[in-house]
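Student: Let us go through this model by question and answer. Please show the sequence and structure first.

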Amino acid sequence: MADKATQTFVQPTPFGKEELGLIEVAPEVIEVIAGIATTEVEGVAATRGNFASGVAERFGKKVHSKGVKATISDNGDIIIDVYCSVKYGYSIPKVAKDIQTAIRQAIFNMTSIDTNEVNIHITAIQFESTKEQE
């Protein structure tokens, strides 16, 4: 697998337009699209980030790609991994399926790239907190 710094997703060129050149999409773009699509699904509480994204958000910078990893396998398949938490009371299989559908549609609509795998990793359940508990 290629190094993430040199890894790009090649967008299909419309038929008859091959002379216009090649369209490449950086993995970070795919991750941002997938991250936004994930947070728009009903039942998703949050996506899991790392220390750096947590620090960036504390300073007011919104990190849309946190909890999302986009890779290309050795045979060229595009694989998306999403790490998120679900709100208590929602069906985990339904939320996971809705995330997969939302990500596939968003990436295809914006880039014309088909994803081979969209893996959802539920890392926590988010319970409602009342003002008295805080």
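Student: Of the contacts in the protein with a separation of 6 or more, what share do residues 24 or more positions apart account for?

Tutor: This is a predicted model, in which local features need pLDDT of at least 70, side-chain atom pairs count only at pLDDT 80 or more, and totals for chains, interfaces and linings use all residues. Residues are numbered from 1 along each chain as its sequence is written, and side-chain values use heavy atoms, with hydrogens and water left out. Contact means heavy atoms within 4.5 Å. Among contacts with a separation of 6 or more, the share from residues 24 or more positions apart is 66%.

Student: Which pattern does the protein follow along the sequence?

Tutor: Helices (H or I, at least four residues) and strands (E, at least two) are DSSP runs, numbered from the N terminus. The protein has three helices and six strands. Read along the sequence, they give β-β-α-β-α-β-β-α-β.

Student: Is α1 parallel, perpendicular or oblique to α3?

Tutor: Axes are lines fitted to C-alpha atoms, for helices over the stretch in contact, and angles run from 0 to 180 degrees between N-to-C directions. The axes of α1 and α3 come within 9 Å and cross at roughly 135°. Angles under 35 degrees count as roughly parallel, over 145 as roughly antiparallel, 65 to 115 as roughly perpendicular and the rest as oblique, so α1 is to α3 oblique.

Student: Which residues of α3 meet α1?

Tutor: On the α1 side, the residues are I30, I33, A34, A37 and T38. Leaving aside neighbours within four places in sequence, I30 is also in contact with F9, V25, A70, I80, I107, T111 and I113. The α3 residues that meet α1 are I99, A102, I103, A106, I107, M110 and T111.

Student: How far apart are the C-alpha atoms of I113 and V10?

Tutor: I113 lies in the loop between α3 and β6 and counts as buried, at 4% relative accessibility. I113 and V10 are 103 residues apart along the chain. Their C-alpha atoms are separated by 7.9 Å.

Student: What is the phi of S112?

Tutor: S112 lies in the loop between α3 and β6 and counts as partly exposed at 36% relative accessibility. Most residues other than glycine have a negative phi. S112 is not a glycine, yet its phi is positive, at about 65°.

Technical notes:
Buried < 20%, exposed > 50% of the residue type's maximum accessible area, 1.4 Å probe, protein only.
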